[in-house]
Amino acid sequence: MATLTLHPGRERSLLRRHPWIFDTSVAALSGRARPGDTVAVADERGQVLARAAWSPESRIRARAWTFDPAETVDDAFFKRRVAAAVARRQAIPGLADQQGLRLVHAESDGLPGVIADRYGDTVVLQLTSAGAERWRSAIVGAVARATGCPRIYERSDSEVRALEGLGPETGWRLGAPSGDPVVIDENGVRLRVDVEGGHKTGFYLDQRDNRLLLRRLAAGKRVLNCFCYTGGFSLQALAGGAERVLSIDSSSPALALARESLALNPGLDPARAEWREADVFEDLRRLREAGERFDIVVLDPPKFAPSAAHAERASRAYKDINMNALRLLEPGGLLMTYSCSGGIGVELFQKIVAGAALDAGKRTGAGARILQRLQGSPDHPVDLAFPEGEYLKGLLVEVD
Ligand code: SAH
């Protein structure tokens with residue numbers, strides 16, 4: 001095994017169990033390693049601190065698989081880690097019986113670059129690092145064994161793979177499509193999931209608990225769901241007794257799937273649901289000009305700031321939609337607002353929303369307060385040593 005030696009002092013983050021080793025920390029690599037190979041990581045005195053996946057193309061030059069210098073990274077390693085991740089979810093009340101469930105959440109489950117989402121008896125796997133790519137067959141075998149699922153589809157088409165020098169890889173790794181569309185039951189609502197063509201692995205499982213919260217708030221309300229994708233929040237709002245749900249997204253395939261899902265739920269009244277293909281930035285203005293009012297607005301936009309470098313421009317975009325959403329609310333109305341940008345932290349997001357509320361209330365003098373802080377569901381844990389894992393943050397805001 002090749003050994004990667006760190007510059008003096010650069011072992012500090014590893015000692016705090018942060019799994020990333022940046023190019024600027026690497027003093028030397030002794031021996032040969034191909035992309036994805038396991039290397040020993042040593043401090044300048046030669047003491048081995050971790051075993052990591054070598055990724056020469058990436059600024060994250062290596063990702064630690066294990067902080068135990070004696071642990072071997074082999075098929076059995078992946079079996080142990082995947083089984084532990086699956087067992088962790090089995091132990092959390094309310095998660096074990098979810099048909100849509102994130103089974104492996106990358107670094108926060110000790111498996112950098114590995115995402116596995118379960119939709120019924122189909123698991124969708126996404127590999128995003130050179131190390132994960134190297135161990136594909138071990139990971140597929142481990143997931144099959146830990147879940148007993150007969151079907152595994154790989155959706156390694158995320159653009160972040162390019163940073164690791166990897167192209168897209170997709171296809172069935174175990175079994176074949178069943179012929180029936182993939183449908184999950186999420187807390188009593190049936191949802192179609194397009195595992196081959198949808199966003200990410202097909203669905204945004206991280207918002208499950210927040211969709212349930214909306215359902216609890218929705219009785220008798222007029223709800224506006226911006227960036228609705230396949231209608232997860234919309235259908236939960238209808239299930240909660242919303243009077244009207246207007247859902248906006250720019251993707252027509254996503255809206256088509258939303259309509260299909262609604263039809264799978266005979267208890268939900270399609271006459272209360274309106275789907276609109278539009279740009280949210282423009283449509284929020286149009287709704288205001290038309291004098292429309294809502295009791296609850298949901299804003300769950302895509303990542304505007306993938307990294308801190310994009311934070312400033314992204315902040316302006318977040319402020320714009322939040323301000324215009326707040327202006328559509330009736331007195332006492334609720335804004336459920338999110339950011340899934342890694343480059344925007346919890347504090348900055350709160351500042352942006354505060355600025356938006358101040359501007360929205362300028363003419364009326366209306367104030368706004370946080371009722372609840374929102375985050376991803378517990379099948380998307382955040383390792384305390386890896387704060388970068390906390391990408392999804394949200395606020396439930398009430399206006400005067
Ligand atoms: N809330 C959804 C997930 C939203 S993902 C859920 O719970 O499943 C973000 C969505 O924003 C995507 O569906 C994407 O098509 C849409 N989108 C991106 N930019 C947009 C824009 N400018 N206007 C409208 N929709 C947009």
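Student: Which atom in the side chain of aspartate 279 is 2.9 Å from a nitrogen atom of the ligand?

Tutor: A polar contact is a pair of N or O atoms within 3.5 Å. Here an N or O atom in the side chain of aspartate 279 is 2.9 Å from a ligand nitrogen atom. Please note that this is a predicted model, in which local features need pLDDT of at least 70 and side-chain atom pairs count only at pLDDT 80 or more, while totals for chains, interfaces and linings use all residues. Residues are numbered from 1 along each chain as its sequence is written, and side-chain values use heavy atoms, with hydrogens and water left out.

Student: What lies 2.8 Å from an oxygen atom of the ligand?

Tutor: That is an N or O atom in the side chain of arginine 211. Serine 250 takes part through its backbone, with an N or O atom 3.1 Å from a nitrogen atom of the ligand. Taken alone, the ligand exposes 580 Å², and the protein buries 90% of that (Shrake-Rupley method, 1.4 Å probe).

Student: How many residues surround the ligand?

Tutor: A residue is counted if one of its heavy atoms lies within 4 Å. There are 16, and the closest are Arg211, Asp249, Asp279, Val280 and Asp300.

Student: At what angle do the axes of helices H9 and H10 cross?

Tutor: Axes are lines fitted to C-alpha atoms over the stretch in contact, and angles run from 0 to 180 degrees between N-to-C directions. Helices are DSSP runs (H or I, at least four residues) numbered from the N terminus. H9 (residues 311–326) and H10 (residues 346–360) have axes that come within 8 Å and cross at roughly 45°. Angles under 35 degrees count as roughly parallel, over 145 as roughly antiparallel, 65 to 115 as roughly perpendicular and the rest as oblique, so H9 is oblique to H10.

Technical notes
A polar contact is a pair of N or O atoms within 3.5 Å; within protein, one must be able to donate a hydrogen and the other to accept it, and residues adjacent in sequence count only if both atoms are side-chain atoms. Helices (H or I, at least four residues) and strands (E, at least two) are DSSP runs, numbered from the N terminus.
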